[in-house]
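Dear colleague,

I am passing on the structure we spoke about, with the sequence alongside, and my notes follow below it. Please read them with the coordinates open.

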Amino acid sequence: MSWKWQKRGSLNVLTLPKWEAEGIDLGFSTRVGGVSQVPYDSLNLGLHVGDDATAVLENRQRWLDQAEVPWSRVVVGEQVHGTKVLWVGEEDGGRGIRALETAIPAVDGLLTRSTVGLMAFFADCVPLFFYFPDIKAVGIAHAGWKGTAHKIGQGVLECLEQAGGRPENAWVAIGPSIGPCCYLVDENVAAQFRANFSQTPFLAKQEDGHYLLNLWEANRMTLLEKGVRQENIDVVEACTAHNPEWFFSHRRDGVRTGRMTAWINRRSTRLDARGMSGTR
Ligand SMILES: [Zn+2]
């Protein structure tokens, strides 16, 4: 297992040391260490789930403190279970971090060649983290069953190609989400996967006609299909529904629950940061 829990200040952060060594800060949060009250206890980072906004902003402050990134250098998209992917840059810094209204509208994948941090929010959906060494870019995508069925991971890789990079050089990490142990879906959902995949080994039919769906494997297959190398895909294999002490889960807890964040930030050196502030 190449993933590691890191204690950073009061928070626990799931990270990939291999990415860190490349100057990429990749993190996934837990529900522990925040100020939100039941049922959002306690590190709820989602502003859209009915929690007290003051508590959410304090929780976001704690996250940004451990990441050592200011509010003005974070970009958040409005996630809509779609497949739209967008490039963002320095000029988008601050969008969506303090208020839903300023988020990049209707986008489930964000990419950047800048050193702004990208933040997306999750309860059971799959976070996909991207690092493209050949064009020095990073990205994040929100892949629930809809995004997975419609291959949002390939959408991200198409943006990479348009920017002159190659999927063979891409690194991808598949973070915690509801796992194949817990994710029961019905025939309608299964049918959408069959419509988009030539093979569906990630659907396990149950006696009652439902299916256990392995979103990690479905996403891994879409990445391999587009040319990502097997050895460049890390799958954390942690189930959000299975670990109530660590994770919120929409399937387990219902609508009124919190959100973890998936975070990625291509680090600037201190010298870079000074140079950039000088040119503004
Ligand atoms: Zn599970």
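**Surroundings of G147**

Leaving aside neighbours within four places in sequence, G147 is in contact with H81, T83, D108, H142 and I152. Please keep in mind throughout that this is a predicted model. The glycine belongs to helix α3, which covers residues 145–149, and G147 counts as buried because 26 other C-beta atoms lie within 10 Å, where 20 or more are needed. Between the C-alpha atoms of G147 and C125, which are 22 residues apart along the chain, the separation is 9.1 Å.

**The core and V172**

The largest nonpolar core comprises 74 residues, and those with the most contacts inside it are L128, F129, F130, I140 and V172. Strand β8, spanning residues 126–132, gives the most to this core, contributing 6 residues. As a general background, nonpolar side chains tend to be buried together in soluble globular proteins.

V172, one of the residues with the most contacts inside the core, is placed in strand β10. Is V172 buried or exposed? V172 is buried, because 25 other C-beta atoms are found within 10 Å and the cut-off for burial is 20 or more. When residues up to four places away in sequence are not counted, V172 touches L128, F129 and F130, and also L223, V228, N232 and I233.

**Strand β15**

Strand β15 (residues 260–266) is largely enclosed by the rest of the structure, because 7 of its 7 residues are buried. The burial extends to both faces, with M260, A262, I264 and R266 on one side and T261, W263 and N265 on the other. This division may be read with the general rule that side chains alternate between the two faces of the sheet in a regular strand.

Which strands pair with β15? One of them is β3, which runs antiparallel to β15 and is joined to it by 5 bridges, with A262 of β15 as the bridge partner of F28. Another is strand β7 (residues 117–122), which also pairs with β15 in the antiparallel sense, over 5 bridges, and here F122 stands opposite M260 in β15.

**Backbone points to check**

Two cis peptide bonds deserve a look on your side. The bond from V38 to P39 is cis, with omega near 5°, and P39 lies in the loop that runs between β3 (24–28) and α2 (53–67). The bond joining D41 and S42 is cis as well, with omega at about -10°, and S42 likewise lies in the loop between β3 and α2.

Two residues other than glycine have a positive phi. For E68 the value is near 60°, and this residue is located in the loop between α2 and β4 (74–76). E68 is exposed, because 11 other C-beta atoms lie within 10 Å and a residue with 12 or fewer is classed in that way. For E237 phi is about 55°, and E237 sits in the loop between β14 (233–235) and α7 (250–253). With 15 other C-beta atoms within 10 Å, E237 is partly exposed.

With kind regards

Terms used:
Residues numbered from 1 in each chain as written. Predicted model: local features only at pLDDT ≥ 70, side-chain atom pairs only at ≥ 80, totals over all residues. Core = buried A, V, L, I, M, F, W, Y, C linked by C-beta atoms within 7 Å. Helix = DSSP H or I, 4+ residues; strand = E, 2+ residues; numbered from the N terminus. Contact = placed C-beta atoms within 7 Å. Pairing = 2+ DSSP bridges.
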